[in-house]
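Here are some notes for a colleague who is opening this entry for the first time. Please read them beside the sequence and the model.

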Amino acid sequence: MAVPEDNSFKLNVHQINNQSRELLMTQEQTALTVALKQLKMTAEKLNLDPGIHAILKQPKRSITVSVTIKMDDCSIGVFKGCRVQHWDVMGPFKGGIRYHPNVTLDDVTALAMWMTWKCAIMGLPYGGAKGGVQCDTKRLSLGETERLTRRYISLIVDYLGPHRDVPAPDVYTNEQTMAWIMDTYSQLKGYSVPESVTGKPIEIGGSEGRFCATSLGLSYCVREAAEKLKLKLKGSTVAVQGFGNVGYNAANILHKLGCNIVAVSDSTGGIRCSEGLKPFNVLVHKNKTGSVRGYKDCNDITNSELIQTKCDILVPAALENQISIENAANVRAKIVAEGANGPTSPDADQVLHEKGVWLIPDILANAGGVTVSYFEWVQNLTREHWTLDEVNTKLEKKIVKAFEDIYKLAKKEESDMRTAALMLGVGRVAHALRTRGLWP
Ligand code: NAD
């Protein structure tokens, strides 16, 4: 696009800097190398047909787009975006949209792949997808974020739809983002299509319970694991990394179940307090100051200290690759419940397993989000609205069943919970692929 010399069209320097991180694979360990290694190990365990393995290694479709918008100062912002659709053999694609300055096509591909396995272990009629836009929402105004969202959706709209691909929130996107997506999709179709996206505000077709669903599902998994370990939840100590939708709500729900929240963190660092924190009061402090740090009567800590905090339950609920071979030996928790997607590398998995740490893998621990997204989609398709009680009861039933299925398989295979979860998820998708066959 030609850029006139007129000030009103000058390129925004901050956006150019962001663009310099290419949406391409790097040589370092990425979320995708982790996801592919997990798939390879699972394929070996399942003795998977090499052809099926080759199919599942690649997403069915990856779309990259350039999202161009007018910034508030009338300069032009150019942002790289993508949507990756892994495999839809079980039903329409489903997966979140992430806004983050460092998000890459690799990350989004890995996240889409994990969504495929997650939907399969939960028995949801979906395939996995994920979307990302390289941007820093902390440096965008609300108007700029809205224009970016609408433009991004308009660029991929031909590949979206209630029976094609249904987006949802992820890191730095929220209910408001989903409302803009629903509106953009509906405007382009010419009629209201609430079932085109989930995680919407309740007043425009969102589900009761969606906001806390990921964390509630995680808490059910923690409760089940604690029961097996004969660990009393009341009085158990908990450290949570990430204080957004998943991290804050997990801290809050576990606190209400009687746990003692001894450390939390966000992108600026963390706080620790052995007497325990009240998550809601920390949230008020974070909303006022922009950080959890500096909260009264607490010690400020780094994110790496948080991972090594002595506690019964550790909840990584921020980004990928937080527990690696470098720090896994220093994890001092009895249970690690992965709120985030991909926070633990495969070699760290092994260290934790050998140390006797019970890891509840991401594709089970954070599956409450997509499960209630599925409930929202069903409610939208049937124009029904379920009560909070109905939603939470159905969620508990589904999560507990998936937990038990995976637990039994782990016992049978003498494996950790991640290996069993992957075997269940990949196995179901592979079976569906074989049954449907290839067209033409
Ligand atoms: P969010 O944007 O609401 O919150 C992210 C939090 O992580 C923020 O508090 C942020 O400050 C913190 N953070 C960012 N970088 C960090 C870093 N380097 N160290 C520590 N903290 C950091 O996002 P969310 O929706 O809570 O998602 C968190 C994780 O949970 C992601 O991995 C996401 O894929 C996963 N997840 C989310 C959902 C959902 O329903 N929102 C569902 C399943 C999985």
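Notes on rings and strands

1. Lys 228 lies over the face of Tyr 407, 4.4 Å from the ring centre. The charged end of Lys 394 sits over the ring of Trp 386, at 4.6 Å from its centre. A charge counts as over a ring if NZ of Lys or CZ of Arg is within 6 Å of the ring centre and within 35 degrees of the ring normal.

2. This is a predicted model: local features need pLDDT of at least 70, side-chain atom pairs count only at pLDDT 80 or more, and totals for chains, interfaces and linings use all residues. Residues are numbered from 1 along each chain as its sequence is written, and side-chain values use heavy atoms, with hydrogens and water left out.

3. The whole structure holds nine aromatic pairs. One of them, Tyr 374 with Trp 377, is tilted, with 6.2 Å centre to centre and 40 degrees between the planes. Rings of Phe, Tyr and Trp (its six-membered ring) pair if their centres lie within 6.5 Å; planes under 30 degrees apart are stacked, over 60 edge-to-face, the rest tilted. Ring pairs also link Tyr 126, Tyr 374, Phe 375, Trp 377 and Trp 386 into a cluster.

4. Tyr 374 and Trp 377 are both buried (under 20% relative accessible area, 1.4 Å probe, protein chains only).

5. Six of the seven residues of strand 7 (residues 260-266) are buried, so this strand is largely enclosed by the rest of the structure. Strands are DSSP runs of E, at least two residues, numbered from the N terminus.

6. Strand 7 pairs with strand 8 (residues 269-277) in the antiparallel sense over five bridges; pairing requires at least two DSSP bridges. Val 264 stands opposite Ile 271 in strand 8.

Methods. Buried means under 20% relative accessible area, exposed over 50%, partly exposed in between (1.4 Å probe, protein chains only). Helices (H or I, at least four residues) and strands (E, at least two) are DSSP runs, numbered from the N terminus.
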